[in-house]
Amino acid sequence: MTHTNFNNWLEQVAGKGILVIAGPCSAETEEQVLATARGVKQAGAHILRAGIWKPRTRPGNFEGVGAIGLKWMQRAKQETGMMTAVEVANPHHVELALQHDIDVLWIGARTSVNPFAVQEIAGALRGSDKIVLVKNPINPDLALWIGALERIAKAGIEKLGAIHRGFSSYKKMPYRNEPLWQIPIDLKTRFPAMPLINDPSHISGKRENVFDIAQTAIQLLFDGVMIETHIDPENAWSDARQQVTPDMLKEMIPKFVTPKDKVFNPDLLKSFKILRKEIDDLDTELVQLLKNRQDKIEAIGRLKFKENVAIYQKERWLDILNKAIKNAEENNINRKFIEQLFRLLHQESLKLQHQVFNALNTKNK
Ligand code: PEP
Ligand code: MN
């Protein structure tokens, strides 16, 4: 993908600002599509989105209006002058979307997990100059996401982009889909020129959290957002809980704060340099502390082996964890973070002691 210049499509559509794609989760009726289109255009969105074929988790739910919705999108485009975007999940969808002059085709999270499906879509797209956006696969697998993007790039699509919509998880969490920000950040590091768009609607699952997630993404230098917007969200036929109204979108867009990604102010640069040096020194110390900790763990591992004591000691582990949490709280460090960190440390500690046991076992044979 290194030769793809992504054709600078982002700037052509959104100028130097944040790209905003907005519209309903699903096209429901012609009136709903047209009214939403007018609303999101007025709010400042650049591209109108709508799902025409909906991938539903279980059968029996509303599965999209089908090809008729493409005609409504065409009408919305004629009336408002907005570009249009729909999800495509197979070559037939691509063919119909192209026939109806849809400008942006996106591949959904349930499709980008499947290389066969993506390859077929890539085949149907070959030779087209449309914008193609690939959502992250539902599972947190950067290689699979990149693979899907590469398949589309290899079909000659130059106007390519990625959409981060979060990752499915069994964890109890405040999100519908876990953001795992490091994954899109890694993608952006690998392909800095490729536009990266955030979908706060599918991450949050709740309209009241859409703004915060979008703002976090913008702070992380995402290039755009895709926000599900509906004229009557409460009565939407899909994703009712997470859609905002065009008025809410209109209020939201001017509030987005775009950070500078480069610093030119010499005083600020100087302060950065000092603080970064201090952080680097602390990091060196941190690694040294971990090395000291490791030495102690190996020593205790040797004693446990000698005396035939079990490696895992539940009471001791709970004691370590509780002390760390108490300490964290006293020092105003996030409790969850410390808990995760200590779980990782404990996991490593068990591994190190197993290695000690194995080494001593081999020696004794
Ligand atoms: C959607 O954008 O409406 C959609 C179905 O999203 P995802 O593929 O991210 O679940
Ligand atoms: Mn949706």
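The following legends describe close-up views of a predicted model. Residues are numbered from 1 along each chain as its sequence is written, chains are lettered from A and ligands numbered from 1 in the order in which they are written, and side-chain values use heavy atoms, with hydrogens and water left out. Local features need pLDDT of at least 70 and side-chain atom pairs count only at pLDDT 80 or more, whereas totals for chains, interfaces and linings use all residues.

**View 1. The protein chain as a whole.** The chain contains 14 helices and eight strands, taken as DSSP runs numbered from the N terminus (helices: H or I, at least four residues; strands: E, at least two). Along the principal axes, its C-alpha atoms fill a box of roughly 80 × 55 × 45 Å. Of its 365 residues, 46% are buried, that is, under 20% relative accessible area with a 1.4 Å probe, protein chains only. Among contacts (heavy atoms within 4.5 Å) with a separation of 6 or more, 72% join residues 24 or more positions apart.

**View 2. Side chains facing oxygen atoms of ligand 1.** A polar side-chain atom of Arg49 lies 2.8 Å from an oxygen atom of the ligand. For Arg110, a polar side-chain atom is likewise 2.8 Å from a ligand oxygen atom, and an N or O atom in the side chain of Lys135 is 2.8 Å from an oxygen atom of ligand 1. The protein covers 97% of the 290 Å² of accessible area that ligand 1 has on its own (Shrake-Rupley method, 1.4 Å probe).

**View 3. The manganese ion (ligand 2).** Its protein donors are Cys25 (SG), His202 (NE2), Glu228 (OE) and Asp239 (OD), at 2.1 to 2.4 Å; donors are N, O and S atoms within 2.8 Å of the metal (3.2 Å for Na, K and Ca), and water is not among the atoms, so sites may look incomplete. Because His202 lies in helix H9 (residues 200-204) and Asp239 in the loop between strand E8 (224-228) and helix H11 (246-252), the pair ties together parts that are 37 residues apart in sequence. Both His202 and Asp239 are buried.

Conventions
Polar contact = N/O pair within 3.5 Å; in protein donor to acceptor, adjacent residues only side chain to side chain. Buried < 20%, exposed > 50% of the residue type's maximum accessible area, 1.4 Å probe, protein only.
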